[in-house]
Amino acid sequence: MLVTLREVTRFARAQHYAVPCFDTPTVETVFGALQAAEALRAPVIIAHCYRFFGPIDVFGSFLTAAAQTAKVPVCVHLDHSITEEQIDRGLRGGYTGVMIDASEASYADNLATTKSIVARCHPLGVSVEAELGHVPDFDSMETYDGYLYTSPEAAGDFVQKTGADLLAVAVGTIHGPYRMEPKIRYDILEKIAGQVGTDCGLVVHGSSGITDEDYRQCIARGVVKFNIFTDYASAAFRYWRTHVPGRAPSYVEAVAGCVPVVQARCEKYLKLLGCQGKSWL
């Protein structure tokens with residue numbers, strides 16, 4: 001069943017669990033994630049991004065069609081949009097959640113951009129995620145020097161003025177494989193949660209390299225959504241490298257062989273985040 005980003009996370013904070021957002025840039029990743037959610041009776045978020053292969057609107061139509069046939073709540077999310085044109089294509093594609101990422105802009109410009117996107121999306125029933133602070137890519141971070149942590153005080157002001165449904169925060173994670181040991185600033189996260197209140201869920205990006213205890217501690221401090229890609233994509237790639245060369249009789253069978261690999265990794269995170277059995281359908 002297709003639901004919005006706000007709907008898919010609405011019970012998470014009160015019931016002390018979080019919902020994984022799996023970036024699903026290919027057909028086998030889409031069905032691996034959905035099969036995992038259905039097997040565990042869990043809500044889930046599947047996502048696309050302008051960085052992936054395939055037009056945002058066209059791929060969105062495929063994702064929404066897949067979500068509508070699922071027997072669990074599924075949000076189709078547009079991840080890390082950086083322009084209004086990308087948001088427009090997302091709305092045409094049927095995404096029920098969009099992320100506007102203006103985190104590299106000034107605070108004033110980020111606030112104004114996010115507020116504008118919220119004003120456009122909410123009347124259409126589409127939830128909006130924003131980012132404050134900045135979660136960097138792995139190739140730009142070898143130490144925490146210069147890391148742009150989210151300001152708790154600014155977070156409260158930002159959410160109040162923009163009306164964003166979810167807020168992605170920078171508390172020590174990075175996108176992609178870590179070059180250093182991740183160190184989550186629980187103290188900052190706890191202060192952010194206190195400032196934004198209970199109506200806005202918190203989001204952690206770059207979740208593949210953090211520990212199981214990090215997940216639990218973040219959930220205890222108001223995180224309702226974790227973005228996950230590198231870990232399960234790496235597992236699928238390892239399968240491809242070790243099982244496909246000279247063994248798979250056809251490309252179709254090779255691709256299909258990745259589905260159970262993706263499903264197994266997605267099930268791991270659905271269990272870890274506590275959303276197994278949390279489907280309300």
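I began with α10 and looked up what its buried residues pack against: β2 (19-23), α3 (27-40), β9 (223-228) and α11 (251-272). A reminder to myself: this is a predicted model.

Next I listed the buried residues of α10, which are Asp231, Tyr232, Ala235, Ala236 and Tyr239. They sit on the same side of α10, because the arc they cover around the axis is only 140 degrees.

Then I turned to aspartate 57, which I found in helix α4 (residues 56-69). What does it touch, leaving aside neighbours within four places in sequence? I got Arg89, Arg92 and Gly93. With arginine 89, the side chain of aspartate 57 makes a polar contact of 3.4 Å.

Last, I stepped back to the protein chain. I counted eleven helices and nine strands. The C-alpha atoms fill a box of roughly 55 × 40 × 35 Å along the principal axes. For 281 residues, a compact globule would have a radius of gyration near 19 Å; I read 18 Å for this chain, so it agrees. Buried residues make up 56% of the 281. Of the contacts with a separation of 6 or more, 73% join residues 24 or more positions apart. The accessible surface comes to about 11800 Å², and carbon and sulfur atoms hold 54% of that.

Conventions. Residues are numbered from 1 along each chain as its sequence is written. This is a predicted model: local features need pLDDT of at least 70, side-chain atom pairs count only at pLDDT 80 or more; totals for chains, interfaces and linings use all residues. Side-chain values use heavy atoms; hydrogens and water are left out. Helices (H or I, at least four residues) and strands (E, at least two) are DSSP runs, numbered from the N terminus. A polar contact is a pair of N or O atoms within 3.5 Å; within protein, one must be able to donate a hydrogen and the other to accept it, and residues adjacent in sequence count only if both atoms are side-chain atoms. Contact means heavy atoms within 4.5 Å. Buried means under 20% relative accessible area, exposed over 50%, partly exposed in between (1.4 Å probe, protein chains only). The arc is that of the directions from the helix axis to the C-beta atoms. The radius of gyration is taken over C-alpha atoms; the globule rule is 2.2 Å times the number of residues to the power 0.38. Accessible areas come from the Shrake-Rupley method with a 1.4 Å probe; for residues, only the protein chains shown count as cover.
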